[in-house]
2 protein chains.
Amino acid sequence: MGLFDFLRGSPKQTATIAKERLRIIVAQERSARGSPDYLPLLRRELLEVIRKYVNVDQDAIDIQVKRDGDHEVLDLTVTLPDKAGAAATAAAREA
Amino acid sequence: MGLFDFLRGSPKQTATIAKERLRIIVAQERSARGSPDYLPLLRRELLEVIRKYVNVDQDAIDIQVKRDGDHEVLDLTVTLPDKAGAAATAAAREA
């Protein structure tokens, strides 16, 4: 299955008006014990980066951490603000 | 198909010794024209964050940008340094 089929296969949007979304998946494949766990670091940095560019409330950000065998995954979905919110972000970035 | 099946389904590692990898997928679903394109911004910031925590050469980072309909995806794979490299990173972070 290709990347786009996988992304489209995710649970359909419930909101009637299609909200734009930004999804960030961080997957670490760890073969040896004791190798650094980068996910907590990246989680914090990613949130800072997102807040820098996107004007979103905390409840617009969904964060899930999953582990399965040697794979550990951080799955982060941001429901993007509609145009008005985006304009505010652009203005903030120029200021 | 679940997230882990998808990640495991990616092209198998060619190197004989299983190298640890960090994969970051950023997908933006854009419904309206003219909404901000966050991928270029996030691409630059993600590389800065990775270099901050992981001691990797440029050729250890593979970046692909793909577009399919309303989905745009940044697919970034970092082949992590083995233990020696990781120790150097940890020391650098403490300094």
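The two copies meet through the same surface, because 100% of the interface residues of chain B are also interface residues in chain A. In this predicted model, 49 residues of chain B are in contact with 49 residues of chain A (contact means heavy atoms within 4.5 Å).

A quick word on ground rules: local features need pLDDT of at least 70 and side-chain atom pairs count only at pLDDT 80 or more, while totals for chains, interfaces and linings use all residues. Residues are numbered from 1 along each chain as its sequence is written, chains are lettered from A and ligands numbered from 1 in the order in which they are written, and side-chain values use heavy atoms, with hydrogens and water left out.

How are the copies related? A rotation of 180 degrees, with 0.0 Å of shift along its axis, puts chain B onto chain A at an RMSD of 0.0 Å (least squares on the C-alpha atoms of residues with pLDDT of at least 70 in both). The two copies are thus related as by a two-fold rotation axis. B:Ile25 is the residue of chain B that comes closest to that axis, at 2.5 Å (C-alpha).

B:Ile25 turns up again in the strand pairing, where A:Ile25 stands opposite B:Ile25 in β1(B). Strand β1 (residues 21–29) of chain A and β1(B) run antiparallel to each other, paired over nine bridges. Strands here are DSSP runs (E, at least two residues), numbered from the N terminus, and two of them pair if DSSP finds at least two bridges between them.

About 4400 Å² is buried between chain B and chain A, with carbon and sulfur atoms giving 64% of the area. That area is the accessible area (1.4 Å probe) that two parts lose on being put together, summed over both.

Now for the charges. Ten salt bridges are found over all chains, and four salt bridges lie across the interface of chain B and chain A. The rule asks for a side-chain nitrogen of Lys or Arg within 4 Å of a carboxyl oxygen of Asp or Glu. Here are two examples:

| Salt bridge | N to O distance |
|---|---|
| A:Lys52 and B:Glu45 | 2.7 Å |
| A:Arg23 and A:Asp75 | 2.7 Å |

The A:Arg23 and A:Asp75 pair links distant parts of the chain, 52 residues apart, from strand β1 of chain A to strand β3 (residues 71–79) of chain A.

Notes
Helices (H or I, at least four residues) and strands (E, at least two) are DSSP runs, numbered from the N terminus.
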